[in-house]
Amino acid sequence: MDLIIIHDSEIKYFEALKELENEKKIKIATFYLHFIKFFFKGLIRRNLKMIIKSIFSFIFYLNSFLIKNKIILMGIAPYDFRLIFWVHLLNKNKVIFHNSWPYWTENDYPEKVKFGKNFTLKTWEKFICHKNLYIVNILEKAKFEIIKKYNKDKDKIFIIPHCYNPYYFYLNNDKHNEIKILYVGRFVREKGLEYLRDIIENFKNVKFGIIGEGKDKYILQNVLKKQNVLYYGYIGNKKRLGEIMREYDILLLPSYKTNNWEEVFGIVLIEAMACGLVCISTDCIGPLHIVKDMENGIIVKQKDLRMLIEKIKLVMEKNDLREKIKEKALKSIEFYKIENVKRLWLDVINKISNGEFNAIN
């Protein structure tokens with residue numbers, strides 16, 4: 001079964017689909033959605049692979065007016081005006097809109113409509129309501145909001161979360177002599193870098209591990225040099241990431257919502273839970289779907305440094321609390337295992353291919 005993926009992150013968020021391809025259950029072709037942007041980005045970075053893929057994506061776009069009877073998975077931010085260049089795919093194909101944005105009934109979108117607002121909004125309404133459009137959300141909230149706003153057939157909306165692979169992320173029962181804290185994420189301000197910096201300053205005798213890279217690295221430049229901080233840089237290898245995680249006890253995710261971004265899932269949370277870490281996260285929409293406070297993790301208010309410090313101290317001091325949370329966390333993430341997510345994807349693709357429209361969730 002062939003699947004065309006049009007998504008700027010390529011296969012990053014579709015590990016389960018890639019595994020299905022490795023098992024020869026589906027065949028995937030991937031193309032950039034914003035191929036012009038990636039062409040120039042490739043030129044600037046001198047990335048030949050990106051340039052070539054951009055060219056092939058452009059060729060695909062030219063041919064897309066002729067293709068038919070395909071299943072196409074598209075990832076595009078809500079109200080991105082560039083949907084007008086792709087909406088024609090619905091006429092002769094079945095399109096899966098992969099959506100991670102949870103807010104549809106409020107005026108809160110990652111892409112602000114800067115011009116041609118009425119036309120763009122009507123195009124999106126046509127897109128969402130089209131009979132050949134199916135939606136895969138990573139959060140339940142998005143499903144209900146889309147139904148409420150567009151009266152979309154609920155049987156054409158599915159919930160499939162991101163996943164983790166237990167081959168890389170699993171529990172190590174070795175006991176640590178000291179409690180160590182880990183941060184994994186992009187170095188951008190909205191990930192709560194100021195709070196991470198201040199926490200490191202407040203826990204001078206605690207060892208921290210920092211994994212990441214990004215444009216706002218300067219916020220952490222002083223603490224990354226401290227003796228109690230081990231900076232790993234960017235780690236793209238899942239096996240290595242799992243190995244590092246198993247050396248730590250607590251994962252911090254101090255993200256906060258901005259005008260056009262929120263932590264809408266938090267893959268690092270389920271990966272860390274699988275490795276036996278206690279996750280302390282702010283109450284962004286994604287973590288709230290994964291972490292139940294004082295059960296399988298800890299939830300704190302966004303931008304509340306005092307509360308973050310208090311909860312870290314609590315987890316460090318209460319060995320029985322850590323063990324209880326770790327035990328419940330391992331049970332709660334069964335749903336996110338790659339085998340389960342593979343099954344969900346395969347069921348959805350088969351139902352769409354065969355014309356069955358009853359939602360499976």
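A salt bridge here is a side-chain nitrogen of Lys or Arg within 4 Å of a carboxyl oxygen of Asp or Glu. By that rule the count comes to 22 salt bridges. Before clicking on: this is a predicted model, where local features need pLDDT of at least 70, side-chain atom pairs count only at pLDDT 80 or more, and totals for chains, interfaces and linings use all residues. Residues are numbered from 1 along each chain as its sequence is written, and side-chain values use heavy atoms, with hydrogens and water left out.

**Stop 1: some salt bridges**

Select Arg189 and Glu194. Their side chains meet in a salt bridge, 2.9 Å from N to O. For burial, the cut-offs are these: buried means under 20% relative accessible area, exposed over 50%, and partly exposed in between (1.4 Å probe, protein chains only). Arg189 counts as partly exposed because its relative accessibility is 32%, while Glu194, at 15%, counts as buried.

Now pick Glu263 and Lys191. The closest N and O atoms of this salt bridge are 2.9 Å apart. The pair links distant parts of the chain, 72 residues apart: Glu263 is in the loop between strand E10 (250-253) and H8, and Lys191 in the loop between strand E7 (180-184) and helix H6 (193-202). Those labels are DSSP runs numbered from the N terminus, with helices (H or I) of at least four residues and strands (E) of at least two. Is the pair buried or exposed? Both Glu263 and Lys191 are buried.

Next, Asp216 and Lys215: another salt bridge, with the closest N and O atoms 3.2 Å apart. Asp216 is buried at 8% relative accessibility, whereas Lys215 is exposed at 65%. Then select Glu23, Lys25, Glu339 and Lys342 together, which are linked in a network of salt bridges.

**Stop 2: the nonpolar cores**

A nonpolar core is a set of buried Ala, Val, Leu, Ile, Met, Phe, Trp, Tyr and Cys residues joined through side-chain atoms within 4.5 Å. The largest one has 67 residues, and Phe127 and Met245 have the most contacts inside it. Helix H8 (residues 267-274) supplies the largest share of this core, six residues.

Center on Phe127. Which residues does Phe127 touch, leaving aside neighbours within four places in sequence? Taking contact as heavy atoms within 4.5 Å, the list is Met74, Leu83, Val87, Leu90, Val95, Phe97 and Leu133. A second, separate core of 32 residues includes Phe187, Val206, Val315 and Ile325.

Stay with helix H8 and select Glu271, which is found there. Glu271 counts as buried, at 3% relative accessibility. Beyond its neighbours within four places in sequence, Glu271 is in contact with Tyr164, Phe169, Lys238, Leu241 and Met245.

**Stop 3: strand E1**

Jump to E1 (residues 2-6), a mostly covered strand with four of its five residues buried. Strands pair if DSSP finds at least two bridges between them. E1 runs parallel to strand E2 (residues 27-31), joined by five bridges, and Asp2 stands opposite Lys27 in E2. E1 also runs parallel to strand E3 (residues 71-74), with three bridges; the partner of Ile5 in E3 is Leu73.

**Last stop: helix H3**

Finish on Phe58, in helix H3 (residues 48-63). Phe58 is partly exposed, at 39% relative accessibility.
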